[in-house]
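Look at the model first, then read on.

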Amino acid sequence: MLADIIDFLGSETPRAWIDAALTHQDLLLLDHKNCEYKAASNALNVMAKYNTHEALMNAMSRLAREELVHHEQVMKLMKKRGVELRPLTPSRYAMGLRRMVRRSEPGMMTDILIVSAFIEARSCERFGALWPHLDAELGKFYKGLLDSEGRHFTNYLKLAHLYGDADDIARRIEAIRPVEQALISDPDPEFRFHSGTPALAVT
């Protein structure tokens, strides 16, 4: 699964980001918590927008529940490790990808599902990049998330193909991929779960 995801993404997380994550595990966990909540929120928003599509509704309902369980699990880890809750500015990653979404249907639905697949795929790739370097508890948790995030990635792509045109999907993946790659590799002044190569001070 991880090999397929890296093939889909076409790039791997820069080593500099991994080093920053290991140094700033409080930020890593805090933003990871936020990402799980946002993933659940995204699934609910997709349900609300496309509420006549039965297969999509069922898949998004299951996905939202699973993401909220992950949110609770990260919260427990944070409490155990003394990481206090505080506001964090969002990374540029999701917003940068969402700028690629077309503004009319059926392209909008296709792009929302593809962008969501890229976000889930990158999350999975980052769990895979991180877990061997972490302590036993956190490493086990992140390794365990690989399967679920991989399912989310494939589910979004399956839905895109269920409701969209295969040729259009292939073209949109090729258009969105280099944007995603730049967002996780270009210099980034903030460290976040989906940030780029750290530049300047990590905040």
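Which side chain of opposite charge is nearest to arginine 126, and how far away is it? The answer is glutamate 125, at 4.5 Å. Arginine 126 is buried yet has no salt bridge. Buried means under 20% relative accessible area, with exposed over 50% and partly exposed in between (1.4 Å probe, protein chains only). A salt bridge needs a side-chain nitrogen of Lys or Arg within 4 Å of a carboxyl oxygen of Asp or Glu. Lys and Arg count as positive, Asp and Glu as negative; His and the chain ends are not counted.

This is a predicted model: local features need pLDDT of at least 70, side-chain atom pairs count only at pLDDT 80 or more, and totals for chains, interfaces and linings use all residues. Residues are numbered from 1 along each chain as its sequence is written, and side-chain values use heavy atoms, leaving out hydrogens and water.

What does the side chain of arginine 126 make a polar contact with? One partner is the side chain of threonine 13, at 2.9 Å. The arginine 126 side chain also reaches the backbone oxygen of phenylalanine 193, at 2.8 Å. A polar contact is a pair of N or O atoms within 3.5 Å; within protein, one must be able to donate a hydrogen and the other to accept it, and residues adjacent in sequence count only if both atoms are side-chain atoms.

Now the cysteines. The count of disulfides (cysteine sulfur atoms paired within 2.5 Å) is 0.

| Cysteine | Nearest cysteine sulfur |
|---|---|
| Cysteine 35 | cysteine 124, 14 Å |
| Cysteine 124 | cysteine 35, 14 Å |

Cysteine 124 is buried, at 1% relative accessible area.
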